[in-house]
Amino acid sequence: MGDGGSVHRQNNLPRCPSAPPELANRYYLVTIFPTGILFVCPTHIVMSVLVPQRWNHTRYIRNIYLFGDAAMAPEHKTQREAIFANWKTVGDQDVDLVRNVQAMARVRDEAGIQTRFSPYWEQSVHNFQRVYAAALD
């Protein structure tokens, strides 16, 4: 789709020093069993952990790691803040969605309606739930 306007792509922050050139602009999303999410970008890494508190409440912890002097150097402050603001926007957008999904999951369960996954968008979610269910056996 091109470079678009993403703050992740349009900056001069230090890149991952060990990334081979052919992977230097790739993005990766890795789920870490049972409640971790790792998002690897060319200029930073986001590590998220979901900590269940109750059956209907989960604490979400997110840490953002930058490469080289990007974390502290004054010349990177604006770009660093843009990355932080972008991730906050992403998280804020997800709050209502996650609440609604959880509420509807309970309604579906009570009504006996099975969950269905989008074969295109939710392959990783489906696989993660299969791995999790197998670990419970």
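The dialogue below reads several features of a predicted model.

Q: How many bridges join strand β1 to strand β2?
A: Helices (H or I, at least four residues) and strands (E, at least two) are DSSP runs, numbered from the N terminus. Two strands pair if DSSP finds at least two bridges between them. Here 5 bridges join β1 (residues 28-32) to β2 (residues 36-40), and the two strands run antiparallel. A hairpin of 3 residues links β1 to β2. Val-30 has Leu-38 in β2 as its bridge partner.

Q: Which residues make the nonpolar surface patch?
A: Patches are made of residues with over 30% relative accessible area and no salt bridge; nonpolar side chains (Val, Leu, Ile, Met, Phe, Trp, Tyr) are joined within 5 Å, like charges within 9 Å. Accessible areas come from the Shrake-Rupley method with a 1.4 Å probe, and for residues only the protein chains shown count as cover. In this model Leu-23, Tyr-28, Val-30 and Ile-32 make a nonpolar patch of about 280 Å². In a regular strand the side chains alternate between the two faces of the sheet. Leu-23 sits in the segment before β1.

Q: Is Thr-43 buried or exposed?
A: Buried means under 20% relative accessible area, exposed over 50%, and partly exposed in between (1.4 Å probe, protein chains only). Thr-43 has a relative accessible area of 0%, so it is buried. Its place is the loop between β2 and β3 (44-54). Leu-23, at 32%, counts as partly exposed.

Q: What joins the side chains of Thr-43 and His-44?
A: A polar contact is a pair of N or O atoms within 3.5 Å; within protein, one must be able to donate a hydrogen and the other to accept it, and residues adjacent in sequence count only if both atoms are side-chain atoms. The side chains of Thr-43 and His-44 make such a contact at 3.0 Å.

Q: How many disulfides does a search of the whole structure find?
A: A disulfide is a pair of cysteine sulfur atoms within 2.5 Å. The search finds 0. For Cys-16, the closest cysteine sulfur is that of Cys-41, 11 Å away, which is too far for a bond. Cys-16 is partly exposed at 24% relative accessibility, whereas Cys-41 is buried at 2%.

Q: How many salt bridges are counted?
A: A salt bridge is a side-chain nitrogen of Lys or Arg within 4 Å of a carboxyl oxygen of Asp or Glu. The count is 3. Glu-81 pairs with Lys-77, with the closest N and O atoms 3.7 Å apart. Asp-92 pairs with Lys-88 at 2.6 Å, N to O, and Asp-96 with Arg-99 at 3.8 Å.

How values were computed: Residues numbered from 1 in each chain as written. Predicted model: local features only at pLDDT ≥ 70, side-chain atom pairs only at ≥ 80, totals over all residues. Heavy atoms only, no water.
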